[in-house]
Amino acid sequence: MKTVYSEDHRLHAARMELIEGTLKPAVEKPERAEIVLARIRETGLGPVEPPREFGTEPLGRVHDARYLAFLERAWEMWTASGRDYEALPLVWAIRGLRAVEPEAIDGKLSYFSMDAGTPITAGTWAAARASANVALTATAMVRDGARAAFGLCRPPGHHAAADYYGGYCFLNNAAIAAQWLRDQGAARVSVLDVDYHHGNGTQAIFYERADVQFVSLHGDPRTEYPFFLGYADETGAGAGEGYTINYPMPFGTTYDVWGAALDDACGKVAGYAPDAVVVSLGVDTFERDPISHFKLTTPDFLQIGRRIARLGRPTVFLMEGGYAVEEIGINTVNVLTGFEEEA
Ligand code: OKS
Ligand code: ZN
């Protein structure tokens, strides 16, 4: 299958990240995408093509205009107030506080974010735009008849909601792709999120809708980021009731349990009969991922691809998380080659 890749992801390169109570070198770093790209070239998975420019219209179909305006200007406002290091929020409008958009950049960062672990840098907006274009270009390949395509997105997207960023995500690439497919005439689209973390942003965007199904396998939010969404009793609301399906699993989960959940999830996708499937492809379920707690092995990733292929649907794979830098390439490409073997 074809891969879509842009070097512009390198524009987003935070030096430090607030993690475990201290500033450490950023976990979500440019090498991630470069290692996956190198593995694609090494294995001959298929051609690697640059993204096309889709403009801001498809972003505005998913994200609030005020949020996009904030992202575009955040760095300029941050540096105008005298800083030249990464921008981080510090205070949130929780219970009893006023959820209003402040004038000052420090207030805006908080208003439009969900955590303090996601730095904004000089090139974040440009990189996030490129990442969305990568997703849309891969999605267009599938719209045009390809069985599958891979968008090597960086930064990732599934934690970003209509009007907030977090979890290293700024624009929700999977949601933008799913909405674009709808706008191009697909009646139903499934988003299958196999990243270790719950895709809270994607879920929130489609929670009250029946036209995009959201199915996610992830670390139980009682013990894992993002903590405040991804519980099994979240099933959608209103017209969307029944179209959100969550599979939270405990630390230490191995493929016997995880693969059974994937099988069940694929049954729900098949029952929905989508015109296309968007896979939020995180490989942070790997046993040696530095920030995660599942125990999937390198061969397990082949099985993931094979199972998804058996859905028999046009499929867009979009890169989300995965941080064990030596193995991220092998595991990601294993999903894609497993898919191709079975497709
Ligand atoms: C703050 C965020 C910690 C967890 C981020 C999870 C990113 C990820 N440092 N999402 O899928 O992989
Ligand atoms: Zn993740």
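This is a predicted model: local features need pLDDT of at least 70, side-chain atom pairs count only at pLDDT 80 or more; totals for chains, interfaces and linings use all residues.
A residue counts as buried when its relative accessible area is under 20%, as exposed when that area is over 50%, and as partly exposed in between (1.4 Å probe, protein chains only). Residues are numbered from 1 along each chain as its sequence is written, chains are lettered from A and ligands numbered from 1 in the order in which they are written, and side-chain values use heavy atoms, leaving out hydrogens and water.

Let us start with the sheet. Helices (H or I, at least four residues) and strands (E, at least two) are DSSP runs numbered from the N terminus, and two strands pair if DSSP finds at least two bridges between them. Eight strands form an open sheet with parallel pairing, in the order 4-1-5-10-9-6-7-8. At its edges lie strand 4 (48-49) and strand 8 (244-249), each pairing on one side only. Strand 1 (residues 2-4) runs parallel to strand 5 (residues 148-151), and three bridges join them; here Val4 stands opposite Gly151.

Axes are lines fitted to C-alpha atoms, for helices over the stretch in contact, and angles run from 0 to 180 degrees between N-to-C directions. Helix 6 (residues 173-183) touches strand 6 (189-193), strand 7 (212-219), strand 9 (276-281) and strand 10 (315-319), and its direction makes about 175 degrees with that of strand 9. Helix 8 (residues 255-272) touches strands 6, 7, 8 and 9, at about 175 degrees to the direction of strand 7.

Now for the rings. Those of Phe, Tyr and Trp (its six-membered ring) pair if their centres lie within 6.5 Å; planes under 30 degrees apart count as stacked, over 60 as edge-to-face and the rest as tilted. The whole structure holds 15 aromatic pairs. One of them, Tyr196 with Phe294, is edge-to-face, at 4.7 Å centre to centre and 85 degrees between the planes. This pair links distant parts of the chain, 98 residues apart: Tyr196 lies in the loop between strand 6 and helix 7 (200-206), Phe294 in the loop between strand 9 and helix 9 (298-309). Both Tyr196 and Phe294 are buried. Elsewhere, ring pairs link Tyr67, Phe70, Tyr111, Phe112, Tyr165 and Phe170 into a cluster.

Key. Contact means heavy atoms within 4.5 Å.
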